[in-house]
Structures are given as C-alpha cells and as structure tokens.
Amino acid sequence: MNRPSMAGALFRGLAALSAIFAAASCAYNEELGRNQLAFVPAGQMASLGSTAWNDVTKKEKLSTDPKYVDRLNRVAPKVLRAAGEDPSKWDYKVFDSKALNAFALPGNHFAVYTGIMDIMANDDQLATVVGHEIAHVRANHSGERYSQQVGASVAMQTAQAAIGAGSQTGQLALGALGIGAQYGVLLPFSRKHELEADKLGIVYMNRAGYDANEALKFWTKMGAQGGGKPPEFMSTHPSDTTRIAQIKEIIATLPPRGQ
Ligand SMILES: [Zn+2]
C-alpha cells in the first residue's frame with residue numbers, strides 16, 4: 001500500500017471513528033435478544049464481508065455439479081425465508097473440496113463444501129448447516145468477534161482500509177474477518193456463538209418445514225468425525241455433548257414443523 005492510500009484510509013478511519021463514538025458501541029441484536037459489542041457498523045461489516053467473499057470465490061473451486069448445486073438451491077431459499085430473509089439478497093455457493101466445511105460472511109454470503117454435503121443424509125441435514133450459517137450472519141457474530149478481538153480504533157481503521165481501494169483490499173478484508181491462509185477456513189467462533197447459531201438455525205429449519213431431529217443426527221455424526229473437523233465446527237466450540245444436549249432441549253420446545 002502506498003503512502004497516500006494509507007493516509008486516506010487513516011483519515012477515513014478517524015472520521016468514521018468519531019462518528020462511531022457519537023453512537024453507542026454496544027448494539028441490541030433483536031435476533032439474539034441481547035446486547036453485543038459492535039464497533040463497526042453493520043453496513044461496513046457487510047462491505048468487508050463482500051470484499052472477502054469476492055476474493056474467496058475467485059480462489060476456491062466452484063462446484064457446478066447439479067447433485068450439489070441443485071440441492072443447495074432447493075434448500076437455501078426455504079431456510080432463508082423462514083429466517084425472515086429475502087433469498088434474492090443472498091449469495092451462496094458450493095465449493096468443490098473434500099473439506100467438511102461451511103462458512104458465512106457478513107453481507108449475506110455463505111458457502112457449503114461438497115465434502116460436508118457428502119455426509120448429509122438428506123435435505124434436512126443440509127438445512128441444519130444452512131440454518132446455522134444464516135444464523136451467524138443474522139446474529140452479527142463476525143462483527144462482535146471482530147470488535148472483541150481488536151478493539152474500537154483498530155477495528156475501524158482496519159475495516160476502513162479494507163473497504164477502501166487498493167491492491168491488498170481482499171487480503172485485508174480476509175484478515176480482518178479471520179480467514180487464514182487457507183481460504184474458507186474462518187477463525188473459530190466462540191462456544192457461545194456456536195450454540196447461538198445452532199439454536200437459531202434449528203428454529204429456522206423447523207419453521208421452513210425441515211425435521212429438526214435430523215439436526216441432532218447430523219451434529220452427532222459431525223462429532224464422530226474426530227480431528228478431521230475444520231475450525232468452523234471444531235472442538236474449541238461447544239463440546240459435542242454440550243451441543244447435542246442443547247439441541248435436544250431446543251427440539252423439545254419447537255412448534256410443529258412449518259410454523
Ligand atoms: Zn458456526
């Protein structure tokens with residue numbers, strides 16, 4: 001990055017920073033029913049996420065196999081609508097990789113890998129993962145994690161620099177969102193975030209008419225995958241027993257499917 005663009009980024013960062021401090025740094029998230037730390041406004045997190053998404057989708061191998069793509073195109077809109085989202089405002093793709101992975105980015109993006117789709121027994125299990133990823137976005141977990149980790153001033157400057165023009169834009173955005181050298185591998189969310197995403201995801205899938213008992217089967221199967229699990233679903237997250245116990249509790253409180 002050359003000097004003028006750095007100065008520009010810094011200036012934009014400081015200008016935005018003063019605007020932020022005029023507002024509260026804690027935001028109430030309706031979906032979660034709790035306050036969360038949010039130094040970077042939702043619109044800027046979305047820009048950051050979209051920049052990272054463009055970079056990742058250029059580098060990952062997109063699947064064009066109807067076996068996977070048609071399945072995602074069939075399931076995702078139903079779960080999105082059940083979550084109160086307009087599917088036309090979302091961008092989701094299947095990446096061709098054996099990884100048992102899926103991830104979401106702010107700005108309404110998510111990806112599911114062919115590897116994880118291969119172990120899904122039915123559409124209900126895909127709806128489980130889609131619901132979980134949509135939940136991370138609606139809960140602004142990236143924004144909260146980012147704010148918690150880097151603090152207000154760094155959060156704003158990095159976000160602004162990443163959103164601003166420059167050849168390193170994609171890399172900056174990826175780094176800011178916790179995507180490592182291996183694309184599609186996000187820094188793990190906290191246990192709390194994972195449990196929240198599980199909970200909301202199950203509510204969405206059930207409302208969309210899918211069988212929440214399949215979520216239980218799916219996460220049990222993922223739990224048995226051992227060391228092969230990617231950070232998104234790894235054991236720094238809720239222990240498998242905690243996760244399963246919570247899912248059982250949620251299922252017991254769900255309204256009938258499709259409601
Ligand atoms: Zn997750």
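**Entry 1: before starting**

I am working with a predicted model, and I keep that in mind throughout.

**Entry 2: α3 and α5**

I began with helix α3, residues 66-82, and helix α5, residues 123-138. How do their axes cross? I found that the axes come within 9 Å and cross at roughly 55°. That makes α3 oblique to α5. I also looked up the hand of this crossing, and the crossing of α3 and α5 is right-handed.

Next I listed who touches whom. From α3, the contact uses R71, L72, R74, V75, A76, V79 and L80. From α5, it uses D123, L126, A127, V130, G131 and I134. I sorted the residues of this contact by class and got 9 nonpolar, 1 polar and 3 charged.

**Entry 3: α10 and α11**

I moved on to helix α10 (residues 213-223) and helix α11 (residues 240-253). Their axes come within 10 Å and cross at roughly 175°. Parallel or antiparallel? An angle over 145 degrees counts as roughly antiparallel, so α10 is roughly antiparallel to α11.

On the α10 side I noted N213, L216, W219, T220 and G223. On the α11 side I noted D240, R243, I244, I247, K248 and I251. The contact of α10 with α11 divides into 5 nonpolar, 3 polar and 3 charged residues.

**Entry 4: α9 and α11**

I stayed with α11 and turned to helix α9, residues 191-207. The axes of α9 and α11 come within 10 Å, and they cross at roughly 30°. The cut-off for roughly parallel is an angle under 35 degrees, so α9 is roughly parallel to α11. The crossing of α9 and α11 is right-handed.

Which residues meet here? I wrote down R191, E194, L195, D198, K199 and I202 in α9. They meet T242, R243, Q246, I247 and I250 in α11. By class I have 4 nonpolar, 2 polar and 5 charged residues in this contact.

**Entry 5: looking for empty space**

Rolling a probe the size of a water molecule over the atoms shows where empty space is left. How many cavities of 30 Å³ or more does the whole structure have? The search found 1. The largest cavity holds about 30 Å³ of space.

I then looked up the lining of the largest cavity: A104, L105, P106, H136, V137, S142 and F189. Strand β4 (102-105) and helix α5 are the elements that give two or more residues to this lining. The lining has 5 nonpolar and 2 polar residues, and no charged ones.

**Entry 6: two asparagines**

Last, I checked some backbone angles. Where is N108? I found it in the loop between β4 and β5, with β5 at 109-113. Phi of N108 is near 70°, a positive value in a residue other than glycine.

N140 also has a positive phi, near 50°, and N140 is a residue other than glycine too. I traced N140 to the loop between α5 and α6, where α6 covers 141-150.

Note on methods
Residues numbered from 1 in each chain as written. Predicted model: local features only at pLDDT ≥ 70, side-chain atom pairs only at ≥ 80, totals over all residues. Heavy atoms only, no water. Axes fitted to C-alpha atoms, helices over the stretch in contact; angles between N-to-C directions. Helix = DSSP H or I, 4+ residues; strand = E, 2+ residues; numbered from the N terminus. Parallel < 35°, antiparallel > 145°, perpendicular 65-115°, else oblique. Left-handed = near helix turned anticlockwise from the far one by under 90°. Contact = heavy atoms within 4.5 Å. Nonpolar A, V, L, I, M, F, W, Y, C, P; charged D, E, K, R; others polar. 1 Å grid on protein atoms, 1.4 Å probe; cavity = no way out; pocket = protein on both sides within 12 Å on 5 of 7 lines; lining within 4 Å. Points joined across faces, edges and corners; volume = space filled by probe spheres on them.
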